[in-house]
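User: I would like to learn how to read a structure like this one. Could you take me through a few features?

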Amino acid sequence: MNDTATPAPAPPSPSSELRAALSEAGLRAGVADTEAGNLVRITPLDPVDARQLARLIRTGTKRALKAARTLREICAGYRIDLPGLRVRQGRITLGPIQVDDAARLARLLNAVPPATAHPGADTAPDADTVRAMLIQAFPQSTGGALSVSVREHTPDLLDLGSIDARTARRLIRTLQF
């Protein structure tokens, strides 16, 4: 028995992975690393291949795109502005949100204000309070986690992280009812 570990093969480079995926899809496009080495360049596609690539991307991200669109519409109905909401790498990034909008979202998720809040006070909760409310309410409402951070130099903005399509659909159901 040999106890020496066999080194795992290095993962394929991003450019070779993309090249293989395009080839498997029947698309003709040159793929190469840039001189800087940290970007991948795709040579121009003919219009037929470009349309096919767009179709493949939409098909592959259909659930996330649909959930993002529905979430955007529902939030707009509640006057919650999520200008950075987008699909990225198959996940829905919620992005920056004003503290007032985040507080409205937290209340819709049945967040309980911290005990330190003064009952009956008409002051709007601060960013840290709203952050705590969202961190507490989001998993209870959706079963998923959401990272929430206060912007250092812009205390009236919170940054909401990304969620998967399944968590987004549970969030949508919660907001609909």
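Analyst: We will go through a helix, some backbone angles, the salt bridges and the core. This is a predicted model, where local features need pLDDT of at least 70 and side-chain atom pairs count only at pLDDT 80 or more, while totals for chains, interfaces and linings use all residues. Residues are numbered from 1 along each chain as its sequence is written, and side-chain values use heavy atoms, with hydrogens and water left out.

User: Which residues of H3 are buried?

Analyst: Buried means under 20% relative accessible area, exposed over 50%, and partly exposed in between (1.4 Å probe, protein chains only). In H3 the buried set is Ala 64, Ala 67, Ala 68, Leu 71, Ile 74 and Cys 75. They cover an arc of only 135 degrees around the axis, so they sit on the same side of H3; the arc is that of the directions from the helix axis to the C-beta atoms. On the other side, Lys 62, Lys 66, Glu 73, Ala 76 and Gly 77 are exposed. The buried residues of H3 pack against strand E3 (86–88), strand E4 (91–98) and helix H6 (165–176), where contact means heavy atoms within 4.5 Å.

User: Where should I look for a positive phi?

Analyst: Most residues other than glycine have a negative phi. Gln 89 has a positive one near 55 degrees, and this residue lies in the loop between E3 and E4. Asn 110, with phi near 65 degrees, lies in the loop between H4 and helix H5 (127–142). Gln 89 is exposed at 77% relative accessible area, and Asn 110 counts as exposed at 61%.

User: How many salt bridges does the whole structure have?

Analyst: A salt bridge is a side-chain nitrogen of Lys or Arg within 4 Å of a carboxyl oxygen of Asp or Glu. The search finds 4. One of them joins Asp 46 and Arg 28 at 2.9 Å, N to O. Asp 46 lies in the loop between strand E2 (40–42) and helix H2 (47–60) and Arg 28 in the loop between helix H1 (14–24) and strand E1 (31–33), so the pair ties together parts 18 residues apart in sequence. Arg 28 also forms a salt bridge with Asp 49, with the closest N and O atoms 3.6 Å apart.

User: What about Asp 101 and Arg 104?

Analyst: Their side chains meet in a salt bridge of 2.7 Å, N to O. Being 3 residues apart in helix H4, Arg 104 and Asp 101 are separated by about one helical turn. Salt bridges that share partners join Arg 28, Asp 46 and Asp 49 into one network.

User: Which residues have the most contacts inside the largest nonpolar core?

Analyst: In soluble globular proteins, nonpolar side chains tend to be buried together. A nonpolar core is a set of buried Ala, Val, Leu, Ile, Met, Phe, Trp, Tyr and Cys residues joined through side-chain atoms within 4.5 Å. Here the largest has 35 residues, and those with the most contacts inside it are Ile 92, Leu 94, Leu 134, Leu 158 and Leu 160. H3, E4, H4, H5, strand E6 (157–163) and H6 each supply at least two residues of this core.

Technical notes. Helix = DSSP H or I, 4+ residues; strand = E, 2+ residues; numbered from the N terminus.
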